[in-house]
Amino acid sequence: SLEKSAIKPPVLIPTDAGYFAGKVYSVAVEKKQNLAEVQKELRRLVKEYDSREDVKSILAMQMESPNRRLMAAYALGQKLGFSDSVSQFLAFVTKENASATLPKIADAFDEILMAHNKESRATIVVAKTASREAVAEVEKLVQETFPEYKKIHFTVRVDPTIVGGFIVEGEGFTIDRSKATMINKFKKALSVSA
């Protein structure tokens, strides 16, 4: 069950959403479920919650007993065609009055799944729109620098203040090869030697 699972997720996210996402992960691993399928179900659950007032009202109900909320939410999960694990999760979240955090829980589960799969995210910052080839070179450099990640998911952002070159901002690392930083270092060196 969600409350008693002993398996720890590969990364702890110190928020309420992270707590609930960790519970889903633990139960899914215990039951040897496909984590990508659980992720899809969580995303579908968020869509149902966001788009259907009947789902929101059932999950937000204030019955006299937490166990009645639990049973109603589990039954709703089954009615909507979710797996037993996701239905149990829905019941647990509803019992804990946390159904409004479902989108954040799904995001936290994504982070846990990335850590499980040894994946990471990084942003490549460039001064102006870069060619696909230039971005691919930077991606290759970063992937080679951090071989512990099976895959790094990149996004590209334009920031003209870096003048040229690039900056890569990842989870726990920064690679700064921007012209703005080189210019600032050069200015500092000139002022020290003067």
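**Notes on the predicted model**

1. Contacts of Glu 139. Beyond the residues up to four places away in sequence, Glu 139 touches Ile 124, Arg 132 and Phe 154. The structure under discussion is a predicted model, and the remarks below should be read accordingly. Glu 139 belongs to helix α7, which spans residues 132-145. Is this glutamate buried or exposed? Glu 139 has a relative accessibility of 18% and therefore counts as buried, since the limit for that class is under 20%. The side chain of Glu 139 also makes a polar contact, at 3.1 Å, with the side chain of Arg 132.

2. The sheet. Four strands make up an open sheet, ordered β2-β1-β3-β4, and their pairing is mixed. The edges are formed by β2 (151-158) and β4 (173-178), each of which pairs on one side only. From one strand to the next, the twist averages 20°. Strand β1, residues 119-126, runs parallel to β2, and 8 bridges join the two. Within this pairing, Ile 124 stands opposite Val 156 in β2. Ile 124 is also one of the residues touched by Glu 139.

3. Helices on the sheet. Which strands does helix α6 touch? Helix α6, residues 102-116, packs on the sheet and touches β1 and β2; its direction makes about 105° with that of β1. Helix α8, residues 179-193, likewise packs on the sheet, where it touches β3 (165-170) and β4. The direction of α8 makes about 75° with that of β4.

4. Ser 120. This residue is found in strand β1. Ser 120 is buried, with a relative accessible area of 0%. Its side chain makes a polar contact with the side chain of Glu 171, at 3.4 Å. Setting aside residues up to four places away in sequence, Ser 120 touches Met 114, Tyr 149, Lys 151, Ile 152, His 153 and Glu 171.

5. Aromatic residues. How many aromatic pairs does the model contain? The count comes to 3. In one of them, the ring centres of Tyr 19 and Phe 20 are 5.2 Å apart and the ring planes stand at 70°, so the pair is edge-to-face; the cut-off for that class is over 60 degrees. The two residues are also described by their accessibility: Tyr 19 is partly exposed, with a relative accessible area of 42%, whereas Phe 20 is buried, at 6%. Together with Phe 92, Tyr 19 and Phe 20 form one aromatic cluster.

6. Charges over rings. Two arrangements may be recorded here. Arg 44 lies over the face of Phe 82, at 3.9 Å from the ring centre. The charged end of Lys 56 sits over the ring of Tyr 49, and its distance from the centre of that ring is 5.5 Å.

7. Positive phi values. Where does Asn 97 lie? Asn 97 is located in the loop between α5 (84-95) and α6. Its phi is near 55°, a positive value in a residue other than glycine. Asn 97 counts as partly exposed, at 49% relative accessibility. Lys 118, which is not a glycine either, has a positive phi of about 60°. Lys 118 lies in the loop between α6 and β1, and its relative accessibility of 45% places it in the partly exposed class. A reader checking the backbone may wish to view these two residues together.

8. The segment before α1. Val 11 is found in the segment that precedes α1 (16-30). Val 11 is partly exposed, with a relative accessible area of 29%. Which residues is Val 11 in contact with, leaving aside its neighbours within four places in sequence? The contacts are with Glu 111, Ile 112 and Ala 115. Val 11 and Lys 40 are separated by 29 residues in sequence, and their C-alpha atoms are 20 Å apart in space.

How values were computed: Residues are numbered from 1 along each chain as its sequence is written. This is a predicted model: local features need pLDDT of at least 70, side-chain atom pairs count only at pLDDT 80 or more; totals for chains, interfaces and linings use all residues. Side-chain values use heavy atoms; hydrogens and water are left out. Two strands pair if DSSP finds at least two bridges between them. Axes are lines fitted to C-alpha atoms, for helices over the stretch in contact, and angles run from 0 to 180 degrees between N-to-C directions. Contact means heavy atoms within 4.5 Å. Rings of Phe, Tyr and Trp (its six-membered ring) pair if their centres lie within 6.5 Å; planes under 30 degrees apart count as stacked, over 60 as edge-to-face and the rest as tilted. Buried means under 20% relative accessible area, exposed over 50%, partly exposed in between (1.4 Å probe, protein chains only). A charge sits over a ring if NZ of Lys or CZ of Arg is within 6 Å of the ring centre and within 35 degrees of the ring normal. A polar contact is a pair of N or O atoms within 3.5 Å; within protein, one must be able to donate a hydrogen and the other to accept it, and residues adjacent in sequence count only if both atoms are side-chain atoms.
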